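Please open the model in your viewer and keep the selection tool at hand. The stops below are meant to be taken in order.

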Amino acid sequence: MTDLALSVRRWPQRQPFAFLALAAAAWWLAYRSLVPLSEAMVALLPVERESHLGSALQFFFYDTPKVLLLLTGVVFVMGMVNSYFTPERTRALLAGRAEGVGNVMAASLGIVTPFCSCSAVPLFIGFVQAGVPLGVTFSFLIAAPMVNEVALALLFALFGWKIALLYLGLGLAVAIVAGWVIGRLKMEHHLEDWVRQLRSVHPEGEAARLTWPERIDAGFQSVREIVGRVWPYILAGIAIGAGIHGYVPADFMASFMGKDAWWAVPLAVVIGVPMYSNAAGVIPVVEALLAKGAALGTVLAFMMSVIALSLPEMVILRKVLKLRLIAAFVGVVATGILIVGYVFNFVLG
Amino acid sequence: MKQVKVLGTGCANCRTTVRLIEEVAQERGVPIEVEKVERIEDIVASGVMRTPGVIVDGKIVHAGGVPKREAIAGWLQAA
């Protein structure tokens with residue numbers, strides 16, 4: 001690498017604040033120019049803007065950069081925020097906390113603590129071992145995958161801040177209440193025996209002392225990891241969404257996913273649980289369904305159950321939880337999601 | 001000879017971590033013995049909450065995510 005290229009690459013590390021300000025300005029400019037750019041691109045193609053194909057293409061050209069841009073921005077910022085919260089520190093904050101307050105804290109920390117479902121089991125045991133109550137641990141485990149930055153960024157990109165905030169609030173509510181209920185059920189003896197026999201540990205969790213350049217580096221790294229992993233799903237999802245957008249008649253979904261169909265919400269949850277996808281793959285399809293008249297509550301319930309409850313996760317958790325505790329976990333969370341779906345459809349709709 | 005343990009349930013990141021450590025050790029000519037810890041009971045017993053985790057000579061040096069090459073070189077160099 002030449003000296004110049006190297007010094008350009010190191011620049012964000014040398015002048016972190018200048019870099020952040022410039023990056024934010026560039027991001028904002030790019031975001032503002034999305035609509036004119038997408039119209040210009042369709043205008044260049046030999047298709048009628050008002051045709052099915054033209055409408056589908058404009059949707060695709062506008063949505064793809066918009067979603068990717070928002071996602072990159074949010075993931076970068078969350079990567080920096082995440083660098084303040086390690087699971088070890090979260091555990092120390094939660095250890096010995098009473099239920100109630102503990103559930104609220106656990107669900108909130110679930111949003112900002114970096115979490116990968118492949119670490120769910122070691123994390124679960126680490127928490128229980130350190131004396132975090134079972135229900136509080138579950139609040140964390142429910143919130144962490146469900147209310148994550150990718151889901152929120154996509155909801156914001158596609159539906160606006162009100163729906164993103166509602167999802168945030170209701171997701172937190174489900175995690176807090178479901179964890180609290182599981183705590184009430186007193187199911188500690190439904191942990192696998194070897195888990196209960198583990199010696200308890202004293203939690204230590206000092207704040208990760210990182211410098212600003214290191215936090216910026218953490219932001220870049222999570223963009224590489226997360227955006228690098230999910231962009232094909234997003235592209236596929238938007239392409240499907242664009243197809244529905246251009247070709248399926250409006251209100252087509254209203255008949256069987258509209259809010260008059262009371263059975264649509266439970267059905268959405270039942271279909272959603274065995275499906276395993278991340279937020280990125282689901283949301284663009286969800287957008288297209290909504291645009292064609294599906295009810296918001298039904299669609300959100302579907303999305304939450306796809307993200308929060310998944311069969312592969314159950315299989316992993318089976319190593320530490322007995323079947324009855326897993327059943328209670330699924331039952332309680334599914335009920336919470338159902339209520340969210342109905343609240344959206346009938347109270348807010 | 002450095003004793004290196006990589007803790008993880010066999011996900012892609014854990015395999016990448018093992019490969020990286022072996023590569024860096026070979027580049028620098030540091031003799032190491034890599035052991036993969038894949039049983040969830042053993043991972044948990046070591047106190048690591050995020051995988052992949054790395055333990056060098058009995059000390060946890062890394063948890064969560066694929067480590068960087070420079071970091072690996074650092075662990076192998078430290079006496």
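The tour visits a sheet and then a pair of helices.

This is a predicted model, in which local features need pLDDT of at least 70 and side-chain atom pairs count only at pLDDT 80 or more, whereas totals for chains, interfaces and linings use all residues. Residues are numbered from 1 along each chain as its sequence is written, and chains are lettered from A and ligands numbered from 1 in the order in which they are written.

**Stop 1: the sheet in chain B**

Select the strands of chain B that form an open sheet of four in the order β2-β1-β3-β4, with mixed pairing. Strands are DSSP runs (E, at least two residues; helices are H or I, at least four), numbered from the N terminus, and two strands pair if DSSP finds at least two bridges between them. Because β2 (32-37) and β4 (59-63) of chain B stand at the edges with a single partner strand each, one side of each is left without a neighbour in the sheet. From one strand to the next the twist averages 20° (angles run from 0 to 180 degrees between N-to-C directions, and axes are lines fitted to C-alpha atoms, for helices over the stretch in contact).

Next, select β3 (residues 53-56) of chain B, which runs antiparallel to β4(B) and is joined to β4(B) by four bridges; V56(B) is found opposite K59(B) in β4(B).

**Stop 2: two helices in chain A**

Now select α9 (residues 149-159) and α10 (residues 161-184) of chain A, which pack at an angle of about 150° with their axes 7 Å apart. That angle makes α9(A) roughly antiparallel to α10(A) (over 145 degrees counts as roughly antiparallel, under 35 as roughly parallel, 65 to 115 as roughly perpendicular and the rest as oblique).

To see the contact (C-beta atoms, placed from the backbone, within 7 Å), show L152(A), L155(A), F156(A) and F159(A) of α9(A) together with W161(A), I163(A), A164(A), Y167(A) and L168(A) of α10(A).

Notes. Contact = placed C-beta atoms within 7 Å.
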